Amino acid sequence: MTTSSSERGVSLGMPELPAPAYPDDVRARLETDAREIIARYPDSRSALLPLLHLVQSEEGHVTRTGMRFCADMLDLTTAEVTAVATFYSMYRRRPSGDYQVGVCTNTLCAVMGGDAIFETLQEHLGLGNGETTEDGKVTLEHIECNAACDYAPVVMVNWEFFDNQTPGSATRLVDDLRAGRPVEPTRGARLCTFKETARILAGFPDERPGAVEEGGSAGPASLVGLRLAKGEAARVVHPRDGGPHDEAQDRAVHEPSPAEHLSSHDAPLDTSASDPDHPAGPTAEEGE
């Protein structure tokens with residue numbers, strides 16, 4: 001005796017209808033931009049990533065309509081486009097805020113306070129991971145390493161750096177974003193909305209006056225290793241929570257005294273060779 005799927009409590013459901021197309025005026029505008037992007041690549045398929053940024057700049061996230069548009073422009077299947085759009089976390093799959101506030105909770109940022117920052121913002125905003133405030137201004141999420149460990153803990157807003165954060169400074173940051181007050185990243189260009197950021201990532205120029213010149217660069221802490229490799233010596237200590245910051249002092253060359261070491265890695269360690277009172281014993285053979 002066999003039972004039907006309905007008798008087993010299994011609902012197969014109806015197949016999903018095809019995604020609707022963009023309105024004619026929107027599609028015409030996007031096609032012009034898409035052709036410009038595709039022309040940059042010898043193989044049109046290589047244009048998929050920037051095209052996904054392009055459709056994300058239209059609606060603030062990658063919709064089924066956007067994926068259908070990319071598939072049509074590149075002669076791909078929607079399954080091929082979906083596989084890419086769902087692989088990368090930089091492509092949003094649902095509506096999100098004007099400002100993507102990402103708190104790094106990877107190892108170093110976490111132990112330096114990233115976990116505390118994320119928990120504080122969740123409570124302050126009343127949001128879970130990936131959720132958006134009712135006013136549509138802020139989407140909060142925890143993110144993986146953004147290669148800024150020397151400024152841990154780091155918060156990113158639309159991929160711009162806010163270094164050396166604390167729960168208090170991060171709370172003020174999201175409050176300012178929601179209130180429309182000016183917010184300046186620690187490094188890099190001034191903030192723009194997530195849609196504007198997506199268009200720049202699609203490969204179109206940032207047309208805001210002076211924004212290109214403000215582009216991000218390595219900060220003093222990031223360059224310490226390079227300076228040491230060149231035979232220089234420097235210490236960089238950044239105060240947190242809005243304390244005074246002296247860039248000139250950051251750039252100053254520090255000459256250590258003979259008894260001073262720049263880090264624990266430079267300090268001599270007690271070994272059998274350097275500590276006669278605790279010599280290493282003879283090496284035992286395996287099994288002894």
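Me: How many helices and strands does the secondary structure of the protein come to?
Reply: Along the sequence, the elements of this predicted model follow the pattern α-α-α-α-β-α-β-β-β-β-α-α-α-α. The secondary structure comes to nine helices and five strands.

Me: What percentage of the residues in the protein is buried?
Reply: The accessible surface comes to about 17300 Å², and 53% of that surface belongs to carbon and sulfur atoms. A residue counts as buried when its relative accessible area is under 20%. Of the 288 residues in the protein, the buried share is 35%.

Me: Which element of the protein has the lowest mean pLDDT?
Reply: For the protein, the mean pLDDT is 81, and 74% of the residues reach 70 or more. Among the elements, the highest mean, 96, belongs to helix 2 (residues 48–59). The lowest, 46, belongs to helix 9 (residues 247–251).

Me: How many contacts beyond four places in sequence does the model have for residues 249–274?
Reply: Over residues 241–245, pLDDT stays under 50, and the model has eight contacts beyond four places in sequence for them. Where pLDDT is low, the predicted coordinates should not be read in detail. Over residues 249–274 pLDDT also stays under 50, and the corresponding number of contacts is 32.

Me: How many cavities of 30 Å³ or more does a search of the whole structure find?
Reply: The largest cavity holds about 40 Å³ of space. At a threshold of 30 Å³ or more, the search of the whole structure finds two.

Me: Which strands each supply at least two residues of the lining of the largest cavity?
Reply: The lining consists of Arg92, Gln100, Gly102, Glu141, Ile143, Met156, Asn158 and Trp159. By class, these residues divide into three nonpolar, three polar and two charged. Gln100 and Gly102 fall within the range 99–104, and Glu141 and Ile143 within 138–143. The strands in question are strand 1 and strand 3.

Me: Which helix gives the most to the lining of the second largest cavity?
Reply: This cavity is lined by Pro20, Ala21, Tyr22, Arg27, Thr65, Arg68, Phe69 and Asp72. The lining has four nonpolar, one polar and three charged residues. Thr65, Arg68, Phe69 and Asp72 lie in the range 64–74, which supplies four residues. The element that gives the most is helix 3.

Note on methods: Residues are numbered from 1 along each chain as its sequence is written. This is a predicted model: local features need pLDDT of at least 70, side-chain atom pairs count only at pLDDT 80 or more; totals for chains, interfaces and linings use all residues. Side-chain values use heavy atoms; hydrogens and water are left out. On a 1 Å grid over the protein atoms alone, a cavity is a set of points where a 1.4 Å probe fits but cannot get out, and a pocket is an open set with protein on both sides within 12 Å along at least five of seven lines; lining residues have an atom within 4 Å of a point. Grid points are joined across faces, edges and corners, and a volume is the space filled by probe spheres set on the points. Ala, Val, Leu, Ile, Met, Phe, Trp, Tyr, Cys and Pro count as nonpolar, Asp, Glu, Lys and Arg as charged, and the others, Gly among them, as polar. pLDDT is the predictor's confidence in each residue, from 0 to 100. Contact means heavy atoms within 4.5 Å. Buried means under 20% relative accessible area, exposed over 50%, partly exposed in between (1.4 Å probe, protein chains only). Accessible areas come from the Shrake-Rupley method with a 1.4 Å probe; for residues, only the protein chains shown count as cover.
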